[in-house]
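Visitor: I have a model open and want to learn to read its features. Where do we start?

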Amino acid sequence: MTRAIAIEGLTKTYKSGHQALKRVDLSIDKGEIFALLGPNGAGKTTMISIICGIVTPSSGTILADGHDILTDFRAARQKIGLVPQELTTDAFESVWATVTFSRGLFGKAPDPAFIEQLLRDLTLWDKKDAKLRTLSGGMKRRVMIAKALSHEPDILFLDEPTAGVDVELRRDMWALVRRLRERGVTIILTTHYIEEAEEMADRVGVILKGELILVEKTATLMKKLGRKTLTLNLSEPLSAVPAELAEWPLELKGDGHELEYSFDANADDTGVPALLRRLEGLGVGFKDLNTRQSSLEDIFVSLVHQEGEAA
């Protein structure tokens with residue numbers, strides 16, 4: 001598989017002494033959707049900014065479609081489209097002029113038909129002559145996406161693309177991402193909407209305090225770390241978990257009306273049958289039971305918690 005992004009030994013230390021990135025090594029394949037997850041201040045935006053040539057790395061090498069971002073910056077940057085978190089547009093320009101100008105900045109020949117289709121895809125066509133200052137926040141976000149795609153990049157970075165936007169834009173955004181992926185565009189996104197990463201991404205990377213602590217296929221990660229939670233709705237509330245149930249990691253919730261048991265769904269012995277037999281033997285009845293598979297958010301929170309304890 002050909003690499004779209006190849007990062008080796010990437011670090012970034014600011015003059016203040018703050019180490020934003022600590023030796024990051026990462027490869028992203030062409031046509032892949034890669035989600036970068038991490039809390040605020042973890043280093044996500046710094047990493048993207050370095051790859052896009054906005055911030056200078058302290059050390060390391062980065063290749064974008066085979067082009068070194070430092071020694072072959074122009075060729076590398078032409079391969080990349082960036083949708084930043086912040087809305088930075090000329091308030092007095094029209095939508096059409098803004099997107100067309102952005103295409104020209106990358107040396108691309110004018111292509112009105114392409115720009116028209118792009119604006120239509122982003123539900124911006126009826127706003128093509130509108131001044132940016134007259135647009136809503138959601139519409140301005142669409143313009144930022146159009147600008148990033150105006151020069152037909154092979155690699156697209158989406159830095160918190162759907163943060164604070166309406167449901168309609170989020171739906172349009174992910175429909176567009178799927179179409180771009182079908183055309184072979186590589187997409188790297190950071191997001192706090194973990195359910196989107198779970199649904200969209202081929203692989204997930206977790207970054208914490210400047211370190212890439214995990215990179216894994218989304219499905220594999222869910223299988224490897226995902227747990228199930230069994231919730232028993234008790235017939236009568238308990239004031240405490242009976243001592244006879246100490247061998248199971250149980251939690252009492254819902255004012256004593258719910259007994260919760262977390263277990264490894266892939267284990268040969270989940271412990272569930274034995275638990276139910278023991279409850280019956282103790283005369284602890286329940287009206288209902290249900291199981292829930294851990295989400296990527298549960299896994300992410302668990303990983304961050306583990307790293308915090310290790311530190």
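Guide: Start with burial: buried means under 20% relative accessible area, exposed over 50%, and partly exposed in between (1.4 Å probe, protein chains only). Here, 45% of the 311 residues of the protein count as buried. Note that this is a predicted model: local features need pLDDT of at least 70, side-chain atom pairs count only at pLDDT 80 or more, and totals for chains, interfaces and linings use all residues. Residues are numbered from 1 along each chain as its sequence is written, and side-chain values use heavy atoms, with hydrogens and water left out.

Visitor: How many helices and strands are there in the protein?

Guide: Both are DSSP runs, numbered from the N terminus: helices are H or I with at least four residues, strands are E with at least two. The protein has ten helices and 14 strands.

Visitor: What share of the contacts links residues 24 or more positions apart?

Guide: A contact means heavy atoms within 4.5 Å. Take the contacts with a separation of 6 or more: residues 24 or more positions apart account for 69% of them.

Visitor: What does valine 177 touch?

Guide: Leave out residues up to four places away in sequence, and valine 177 touches Ile33, Leu158, Ile187 and Met200.

Visitor: Which residues of helix H4 are buried?

Guide: In H4 (residues 112-121) they are Ile115, Leu118 and Leu119. They cover an arc of only 95° around the axis, so they lie on the same side of H4. The arc is that of the directions from the helix axis to the C-beta atoms. The buried residues of H4 pack against helix H3 (95-105) and H5. After H4 comes threonine 123, with a positive phi near 55°.

Visitor: And charged pairs? How many salt bridges does a search of the whole structure find?

Guide: A salt bridge is a side-chain nitrogen of Lys or Arg within 4 Å of a carboxyl oxygen of Asp or Glu. The search finds eleven. One of them joins aspartate 154 and lysine 79, at 3.4 Å from N to O. Aspartate 154 lies in the loop between H5 and strand S7 (155-159), and lysine 79 in the loop between helix H2 (73-78) and strand S6 (80-83), so the pair ties together parts that are 75 residues apart in sequence. Lys79 and Asp154 are also linked with Lys30 and Asp65 in a network of salt bridges.

Visitor: Where do glutamate 152 and arginine 103 lie?

Guide: These two form a salt bridge, with the closest N and O atoms 2.9 Å apart. Glutamate 152 is in the loop between H5 and S7, arginine 103 in helix H3, and they are 49 residues apart. Arginine 103 is buried, at 5% relative accessible area, whereas glutamate 152 is partly exposed at 36%.

Visitor: How many residues separate arginine 120 and glutamate 116?

Guide: Four, about one turn of the helix, and both lie in H4. Arginine 120 is partly exposed at 43% relative accessibility, and glutamate 116 is partly exposed at 27%.
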